[in-house]
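Welcome to this short tour. Please open the structure in your viewer and get ready to select a few places along the chain.

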Amino acid sequence: MSIETTLHNRSDTKCELCTSADNLSVYPIPQSPDETANCAVLICTTCSEQIQESTELDLKHWRCLNDSMWSLVPAVQVLSYRLLHKCSSESWAQDALDMLYVDEETKAWADAGVADDREATLDVNGVVLAAGDAVTIIKDLDVKGANFTAKRGTPVRNIGLSDNPLHIEGKVNGQRIVIIAAYTKKN
């Protein structure tokens, strides 16, 4: 059975990201462990064009990732994870990343495609920070628009990386805030 036939059967002939049934094609996921159907997804033209960056990301379209990230298919989980990272400037995407659970092997595969796109984000000691790391704030920080100060010594778990390698995102006092990475120390 061909890869395309396998994917059509697996997806019920729908885009595995947005469930569209129009103009479907096989998308082999970059940095995959092999070239089988287990490392490819069936996607529509809209998703394909945005993934391959021939058009600007339509952040409203990618809200479909809130559903596709729960797929039981590792290839769909990997692609959803990578796309959520591309959309991480949006709070809904960051919240989805916070909720997303994948096993260690799948996360390593997913991270392989994310790490290539970014300049390293460093803490105060020059240690590379990654999404999901835990850090401690090393300086009192006034949080604009939130009327509180993030105190020195506050732990921030499960951080997110932003498009700017000088910043990270994390929850402090129940609110998601942007923090200057140089004001943190990796735990």
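Select threonine 154 and show its side chain, which reaches the backbone oxygen of lysine 151 at 2.6 Å. This is a polar contact, meaning a pair of N or O atoms within 3.5 Å, where one must be able to donate a hydrogen and the other to accept it, and where residues adjacent in sequence count only if both atoms are side-chain atoms. The model is predicted: local features need pLDDT of at least 70, side-chain atom pairs count only at pLDDT 80 or more, and totals for chains, interfaces and linings use all residues. Numbering starts from 1 along each chain as its sequence is written, and side-chain values use heavy atoms, with hydrogens and water left out.

Stay with threonine 154, which lies in the loop between β7 (148–150) and β8. Strands here are DSSP runs of E with at least two residues, helices are runs of H or I with at least four, and both are numbered from the N terminus. Not counting residues up to four places away in sequence, threonine 154 touches Val135, Thr136, Ile137 and Val172; touching means heavy atoms within 4.5 Å.

Next, select β5 (residues 135–137), which pairs with β12 in the antiparallel sense over 3 bridges. Strands pair if DSSP finds at least two bridges between them. Look for threonine 136 opposite lysine 185 in β12.

Now show the open sheet of 3 strands, in the order β8-β5-β12, with antiparallel pairing. Its edge strands, β8 (155–156) and β12 (184–186), each pair on one side only.

Finally, zoom out: the chain has 6 helices and 12 strands, and its C-alpha trace spans about 60 × 30 × 25 Å along its principal axes.
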